[in-house]
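Reader: I have a set of labels to check against their cut-offs. Can you take me through them?

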Amino acid sequence: MRKGLYLMVLTLVVGLLFSPCTWGAPKTIKIGINAPITGDIPKVGEGTKYAAQMWLEDIKAAGGLDIGGTKYPVEIVIEDNEAKAESAVTTNMKMITEDEVLVIVGPQSSKQAVPAGEVANNYGTPMISPWSTNPDTTKDRPFVFRGCFLDPFQGPVLANFIKEEFGFTKAAVLYDVASDYPKGLAEYFKEAWEKVNGKGSVVAFESFTTKDADFSSQLSKIIRSGAEVLFTPQYYNEVALIVQQAHELGWDKPIVGSDSWGSAETVELCGKNCYGLFFSTHYAAAGAVGKTKEFIERYEKKYGYVPDDVAALTWDSLGIVQAAIQSTGGLTGNIEEDRKSVRDAMAGVKEYEGITGKMTFTEEGDPIKCAVIVRISEKGEFEFYKSVCP
Amino acid sequence: MIFFFQNLVNALQWGSFYALIALGYSMVYGILMLFNFAHGDIFMVGAYIGFGVATGLLALVSMGMITAPSWVILVLTIIFSMILTSFVGMIVERVGYRPLRDAPRASAAITGLMIGIILETGNLILLGARRVSFPALIQTETYNLGGVYITNKKIMIVVVSLALMLALHQFVQRTKWGMAMRAMAYDYTVVPLMGVSINTIARLTFAIGSALAAAAGILFGVAYPVLDPYMGIVFGWKAFVAAILGGRGSVLGATLAGFLLGFIEIFVAMIFPSTLRDLIAYSIILLILVFRPHGFFGEPYSARLRL
């Protein structure tokens, strides 16, 4: 009996020693993509997937990822997190422990990225969220990075923009209290607005919970409060409903949004109601030049629509990952060591010229980059209006 | 005062949806003594069928095959979708409930949940995860009545809902079928002995309930034109609350309770911070039920639940 057990352990150990992962041939590099393919924001998942596939195409065309002279084959593992926090956590777990990915790209929204980042950090796996703007995603997590600016930056950008552009002094906010991103951003905006316009200048601070469809009582309150502008940092599906209902209740003043508006589907769902509105985002497709233009044209040709900011940020994040892996100078084949060295390489990236602009990185792993104010034109296109730099 | 009237108008529209969906719950519960937990998802299916019918009709119009003003298209959409969705309801009854009629009540309740999940994920596979935008069947016109903003859509929604509720009331009270349904609600073990087929009545009940849910789905699409496969879950729960609040199997009760629920939700958000809306709204309803456990129009004899 005892003998049998020893034999079994011995077989396993020998098996492990000779298993392919310890052999000399370049091992496939696996990159995990944690994206909301189904759930509340499937368009975000789609953009992530397409950008990743385009990136992989380039790598394959080059015959693999060149690290210190050796070409490594690359594989991407795309997993669906259903736009749920719990699923994003299990997806990360699965990719780290079962798929043995080297790096994780995603999840996109802060609701998933904040809890999923915890897992990646605990398991010592580098993760980069292209789109999560909540500070908690990377805070005190050496293994977690991001590809976009932060809400504490976006809040003041919008508050200052509204002040300069319209000269308003009274603002209203409508946000989803059950979701990390809108809630965080609503609070940062309020703080920034009250700093500029004095205490009590946010005259209505109204909320709802995810899945609500009727905002009439909140909007009636906002209208009655005498606010001059409505700020609503919501996702595209809610934006369509909020803007339409506001107009039906007699609101004819500006409505301003944040980068979550920047989806290809915002205008599709919202239609004419959204024309002429402003929001802050990471890049503007209309009027892009250089590398950005190339990316947009290639994406549009391949998938039939102009890529939204998620696709562009995912592309840049993968670029950062690629640069980091290449700068390690070579992988050992031991997944844990390699993850560590990739993390160090990512932390070492000081400057990166991406399609969403030039970025430099802070100690926390957050990029410093410019925000773009976009106006939705009369043709329903996202038009570059203004660039705001820190 | 203007503010109050504005919210009153909002609440009327919001309550219409709860009332229409609550009627379906209430009827099935009244007659078969079971909760059709798939009803919220039938509402979703109705909205999607409405989306399909409306898109089809609009395509025909744009191809010049038929010419019709937009309100005719809306009426046709509602009628066709109600008919199609009532078949969905009958299939649900045949597949999910009839085989389990003598099974423990809990099993029948679970069937509803499962059918709900099947409908949601079925839709997800069929149409993908992207949201669809319900076509604008009528051009929105906003009227400003002394500061109160009313749209033609709001008026249409409330009028159509009330008309459907009235029609149902007449059907249940005035026709032979309605009488059979009422009898069945009174005692579903004895009435079949009198020659009324429980299968027919059950099918009829599901068909009517589903048709009303389809109407609610289309009106919902007109007012809130973003559809997604999970739109029926929370909405269904809340309408279910209204059905219980109204009292078992009571058409009037479900209608009134549906509107009451809409009013409570809207007015709580009007008076208190909106973050506390559901907390306060549903505490109020809990309190009402504590004092009226059978709902507004429920009769105590229905307490002998065969659970």
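## Labels and their grounds

Author: B:Met181 sits in helix 6 (residues 176-186) of chain B. Helices (H or I, at least four residues) and strands (E, at least two) are DSSP runs, numbered from the N terminus. The model is predicted: local features need pLDDT of at least 70, side-chain atom pairs count only at pLDDT 80 or more, and totals for chains, interfaces and linings use all residues. Residues are numbered from 1 along each chain as its sequence is written, while chains are lettered from A and ligands numbered from 1 in the order in which they are written.

Reader: Why does B:Met181 count as buried?

Author: Buried requires 20 or more other C-beta atoms within 10 Å, exposed 12 or fewer, and partly exposed lies in between, with C-beta atoms placed from the backbone. B:Met181 has 24 such neighbours, so it counts as buried.

Reader: Which residues is B:Met181 in contact with, leaving aside neighbours within four places in sequence?

Author: B:Ile31, B:Val172, B:Ile201 and B:Thr205. Contact requires C-beta atoms, placed from the backbone, within 7 Å. By C-alpha atoms, B:Met181 and B:Tyr143 are separated by 42 Å, at 38 residues apart along the chain.

Reader: What makes helix 3 of chain A and helix 4 of chain A roughly parallel?

Author: Helix 3 (residues 85-97) and helix 4 (residues 110-122) of chain A pack at about 30 degrees, with axes 8 Å apart. Axes are lines fitted to C-alpha atoms, for helices over the stretch in contact, and angles run from 0 to 180 degrees between N-to-C directions. Under 35 degrees counts as roughly parallel, over 145 as roughly antiparallel, 65 to 115 as roughly perpendicular, and the rest as oblique. The two helices are therefore roughly parallel. The contact includes A:Ala88 and A:Val89 of helix 3 of chain A and A:Pro115 and A:Val119 of helix 4 of chain A. By class, this contact has eight nonpolar, two polar and one charged residues. Ala, Val, Leu, Ile, Met, Phe, Trp, Tyr, Cys and Pro count as nonpolar, Asp, Glu, Lys and Arg as charged, and the others, Gly among them, as polar.

Reader: Why is helix 2 of chain B called roughly parallel to helix 4 of chain B?

Author: Helix 2 (residues 39-63) and helix 4 (residues 105-127) of chain B pack at about 30 degrees, with axes 8 Å apart. That angle makes them roughly parallel. Their contact involves, among others, B:Met44 and B:Tyr48 of helix 2 of chain B and B:Leu119 of helix 4 of chain B.

Reader: What is there to note about phi of A:Ala83, and is A:Ala83 buried or exposed?

Author: Phi is near 60 degrees, a positive value in a residue other than glycine. Most residues other than glycine have a negative phi. A:Ala83 lies in the loop between strand 4 (74-80) and helix 3 of chain A. A:Ala83 has 25 C-beta neighbours inside 10 Å, so it is buried.

Reader: And A:Asp140: buried or exposed?

Author: Exposed, because A:Asp140 has 8 other C-beta atoms within 10 Å. Its loop runs between strand 6 (127-129) and strand 7 (144-146) of chain A. Phi of A:Asp140 is near 55 degrees, again positive.

Reader: Where in chain A is confidence lowest?

Author: In helix 1 (residues 2-18) of chain A, at a mean of 67. The score is pLDDT, the predictor's confidence in each residue, from 0 to 100. Chain A averages 88.

How values were computed. Contact = placed C-beta atoms within 7 Å.
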